[in-house]
Amino acid sequence: MNKTERQLAITLELQRSKTLRAEDLASQFETSVRTIYRDIQALSEAGVPILGAPSLGYSLMEGYFLPPVSFTAEEAVSLLMGADFIEQRLDTDYGIYAKTAKRKIEATLSESVRNQSTLVRETMRLLHVGEPSTEDRVRTYLNQVRDAILKQCKISFVYIKNMPGNDGKRKNKRKVSPYGLTLVHGNWILIAHCDLRQDIRHFRLSRMTELSVLEERFLLPNNFDLSSYRPPDNRDEKILIRAIPEIADKIIEAVNFYIDTIEEREKEVIFQFRVRYPEEILHFLLGFGGDIEVIEPKSLRHKVREVARKILEHY
């Protein structure tokens, strides 16, 4: 980073932060404190209204805002592709905001940079395959849930579980305190404290129906941080399968999350998976047909045999 780039970056940092010490800036830009002093003096002489307070640091005069800066083609691509992602994956409101943001970014680009960024974007694509039939509903729910999180309002909904419960039913009513949203393998997942289970649970938005934002409020726990939150690993069931070597890579790509160990042998590959319940991985395994064999547990072997028998009856 040359002197001009560093001084511009210092101005942007001061614009972003209220007050910064010379030592903080020196550490961030990997230079000496004396160099930062010279940069601050040069910026002041150039007309940037920087205020200095002993022992506190430097700040920009209130109301000062740096005029629009120029972007390189690479920076423009990063911003525009990020806006593309938001337009595709977030709710309708943010899709509109993303479109207007892209127009504003493109308006600041010089013709040459705009042409370069267009060429680069044409060589890459954010895959957004096949809209599920519930996509409009999911986007609506995404908007409602996001608003409930910001307002700290509880929500209620009917949830369709992946597997039937002890009562044989897949649907049940839930009331939760929504803590955050995360996108996992193309699916929006709500992380929330469930009143029914009295614990944090995960809910896929595509499995929700009859969602309502309630007037009842909640307080986000002081110790909850979505960026550092990690769900407990409750995959206690072990699955052992035998596969032909030719499809080992496909198995790894398809069910990487479940894989515990891989043992390569001369004519076969042994995979050990860890799952919450055997049925969770059943449809993945069936997709590999006769190229794999379930070794353990016996209950899953019987389940595969039962499904294979039903398939055979149809043909």
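Helix H5 gives the nonpolar patch its largest share, three residues. The patch covers about 450 Å² and is formed by Phe-85, Ile-86, Tyr-94, Ile-96 and Tyr-97. Helix H4 (73-89) and helix H5 (92-108) are the elements that each contribute two or more residues. Ile-86 belongs to helix H4 and counts as partly exposed because its relative accessibility is 32%.

Patch residues have over 30% relative accessible area and no salt bridge; like charges are joined within 9 Å, and nonpolar side chains (Val, Leu, Ile, Met, Phe, Trp, Tyr) within 5 Å. A salt bridge is a side-chain nitrogen of Lys or Arg within 4 Å of a carboxyl oxygen of Asp or Glu.

## Model and numbering

This is a predicted model, in which local features need pLDDT of at least 70 and side-chain atom pairs count only at pLDDT 80 or more, while totals for chains, interfaces and linings use all residues. Residues are numbered from 1 along each chain as its sequence is written, and side-chain values use heavy atoms, with hydrogens and water left out.

## Backbone features

The peptide bond from Glu-296 to Pro-297 is cis, with omega near 0°. Pro-297 sits in the loop between strand E11 (292-296) and helix H10 (298-314). Helices (H or I, at least four residues) and strands (E, at least two) are DSSP runs, numbered from the N terminus.

Gln-198, not a glycine, has a positive phi near 55° and lies in the loop between strand E5 (187-194) and strand E6 (199-204). Glu-210 is also not a glycine and has a positive phi of about 55°, but is part of strand E7 (residues 208-217).

Gln-198 counts as exposed because its relative accessibility is 56%; Glu-210, at 53%, counts as exposed too. Buried means under 20% relative accessible area, exposed over 50%, and partly exposed in between (1.4 Å probe, protein chains only).

Technical notes. Accessible areas come from the Shrake-Rupley method with a 1.4 Å probe; for residues, only the protein chains shown count as cover.
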